[in-house]
Protein chains: 2
Amino acid sequence: VEPKEILMTRPKALIFDVFGTLVDWRSGVARDARDLLLPLGFAGDWGAFADDWRAQYQPAMEEVRAGRIGFCKLDVLHRRNLDIVLAAHGFDAPEDVRARLVKAWHRLDAWPDVTPALVRLRGAFRLAPCSNGHIALMVALARRNRFPWDAICGAELARDYKPKAVVYQASASAFDCRPDEVMMVAAHSDDLEAARAAGLMTAHIARPNEHGPGKGEAAPRGSFDMAAADLGDLARQLGC
Amino acid sequence: VEPKEILMTRPKALIFDVFGTLVDWRSGVARDARDLLLPLGFAGDWGAFADDWRAQYQPAMEEVRAGRIGFCKLDVLHRRNLDIVLAAHGFDAPEDVRARLVKAWHRLDAWPDVTPALVRLRGAFRLAPCSNGHIALMVALARRNRFPWDAICGAELARDYKPKAVVYQASASAFDCRPDEVMMVAAHSDDLEAARAAGLMTAHIARPNEHGPGKGEAAPRGSFDMAAADLGDLARQLGC
């Protein structure tokens, strides 16, 4: 392979899935659920509570993707899903606790490899999240974890939810790029399959513990342009 | 006045006009026009060339605001306007030079007070541009000048151009804020009048030399919440 051929396929921008790929949603949501619900006298497996909340995620977004409801920010869907999960667990929390618990998704911590790798990557590529989380939520996570974004792309910009092609394509367009000039980075093979179908380059990040110990994608389930053990490994493979 | 009353009117986010308020478009465009057109044998007053190009700005956007054409990125309007101005000056530049000259608007330098003040302000407020420039253009200016944005708001997010109210309101909404929780910062009183009418707080920045020596708004033309000599003065007045 000629060096030039490698360079010609080098992306101009990288866009990232966030929940699971960059931040550990399960630990953060479990922590805040415990902190807010335990004082009310509720007890439970807080990791399982986080899993149950997360399990409502795709069905809620499908209402928007299918056009049955208009686009709304992820906080709105998280709140609707929280009410379902609280009822399923037999927890009757007051309104103010529910409102604060929805914001648990704004207070998630990054996996330890993420921020240093993003800082290295930013020297060579333009960077943005391409998440189903809305802009204010992405800003909160970026401030908490010092993510050095150039812009906030994703669902709110496209007014639709992944894995619809328009979300990936609108994110590339925001950088004045064709889809094939941008690489989608995610720990979820279904997200990457959709990005590839939308014309983007793809990179898989292993997150073997996303859904709890040993429960996560340790390897890609499909054929993508790159596969990395973590974000530091991706930065190294990209020469950063 | 009680201290609490002051704090209650403190903005949660600041959004900024960019061309003229943060960056010196006239010097930058004149510099690149000279660098690209002088080698082709054209001579002229490059500041006047920049002024003439900028004079086409509002009429071009009015086509979008009035709904006569769909939303398009500012690069598209800048290119159309460049063709008009080149013809008016009797310059017949080839396609590649025109394409590079349009990107002069991506290579503008900040007024010297801007970046240090934004860094100070970022400790207390979420910050975004609210410009008619598109996202990729804002990213280029941010990288060149190290603007520490939380997100890129403005025309491309709203799919319309200032001074339409939706552009200010969509920028506030991106931060999960009501319009009255956000302050628009600009060196142009007409921009601030529109932001105020859209429900935002307003701050005027003096840029007495924006259109050349002594040609710019040295003071606000209207009644706004704050008026500052430059961005450092605004940061100081806001306690940063």
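User: Which residues lie nearest the centre of the largest pocket, and how many residues line that pocket?

Analyst: The largest pocket is lined by 19 residues, and A:Arg122, A:Phe147, A:Pro148, B:Arg122 and B:Pro148 lie nearest its centre. On a 1 Å grid over the protein atoms alone, a pocket is an open set of points with protein on both sides within 12 Å along at least five of seven lines, a cavity is a set of points where a 1.4 Å probe fits but cannot get out, and lining residues have an atom within 4 Å of a point. Keep in mind that this is a predicted model, where local features need pLDDT of at least 70, side-chain atom pairs count only at pLDDT 80 or more, and totals for chains, interfaces and linings use all residues. Residues are numbered from 1 along each chain as its sequence is written, chains are lettered from A and ligands numbered from 1 in the order in which they are written, and side-chain values use heavy atoms, with hydrogens and water left out.

User: What volume does the largest pocket have, and which elements give two or more residues to its lining?

Analyst: Its volume is about 610 Å³, where a volume is the space filled by probe spheres set on the grid points, joined across faces, edges and corners. Helix H7 (114-122) and helix H8 (135-145) of chain A give two or more residues, together with helix H8 (135-145) of chain B. Helices (H or I, at least four residues) and strands (E, at least two) are DSSP runs, numbered from the N terminus. By class, the lining has eleven nonpolar, no polar and eight charged residues. Here Ala, Val, Leu, Ile, Met, Phe, Trp, Tyr, Cys and Pro count as nonpolar, Asp, Glu, Lys and Arg as charged, and the others, Gly among them, as polar.

User: And how many cavities of 30 Å³ or more are there?

Analyst: One. The largest cavity has a volume of about 30 Å³, and A:Ile135, A:Ile152, A:Leu157, B:Ile135, B:Ala151, B:Ile152 and B:Leu157 line it. That lining splits into seven nonpolar, no polar and no charged residues.

User: In what order do the strands of the chain A sheet come?

Analyst: Two strands pair if DSSP finds at least two bridges between them. In chain A, six strands form an open sheet in the order E3-E2-E1-E4-E5-E6, with parallel pairing. Strand E3 (153-154) and strand E6 (226-228) stand at the edges with a single partner strand each, so one side of each is left without a neighbour in the sheet. Further in, strand E1 (residues 13-16) and strand E2 (residues 126-131) of chain A pair over four bridges, and A:Ile15 stands opposite A:Ala128 in E2(A). Four bridges also join strand E4 (residues 182-186) of chain A to E5(A), with A:Met184 opposite A:Thr202.

User: Is strand E5 of chain A buried or exposed?

Analyst: Buried means under 20% relative accessible area, exposed over 50%, partly exposed in between (1.4 Å probe, protein chains only). Five of the five residues of E5 (residues 201-205) of chain A are buried, so this strand is largely enclosed by the rest of the structure. A:Met201, A:Ala203 and A:Ile205 are buried on one side, and A:Thr202 and A:His204 on the other.

User: Which residues of helix H11 of chain A are buried?

Analyst: An α-helix has 3.6 residues a turn, so residues three or four places apart point the same way. In H11 (residues 189-197) of chain A, the buried ones are A:Ser189, A:Asp191, A:Leu192, A:Ala194 and A:Ala195. The buried residues of H11(A) pack against helix H10 (165-174), E4 and E5 of chain A. Just after H11(A), A:Gly199 takes a positive phi of about 105°.

User: Which residues does the cis peptide bond in chain A join?

Analyst: The bond from A:Lys162 to A:Pro163 is cis, with omega near 10°. A:Pro163 lies in the loop between helix H9 (155-158) and H10 of chain A. In chain B, a cis peptide bond joins B:Lys162 and B:Pro163, with omega about 5°.

Key: Contact means heavy atoms within 4.5 Å.
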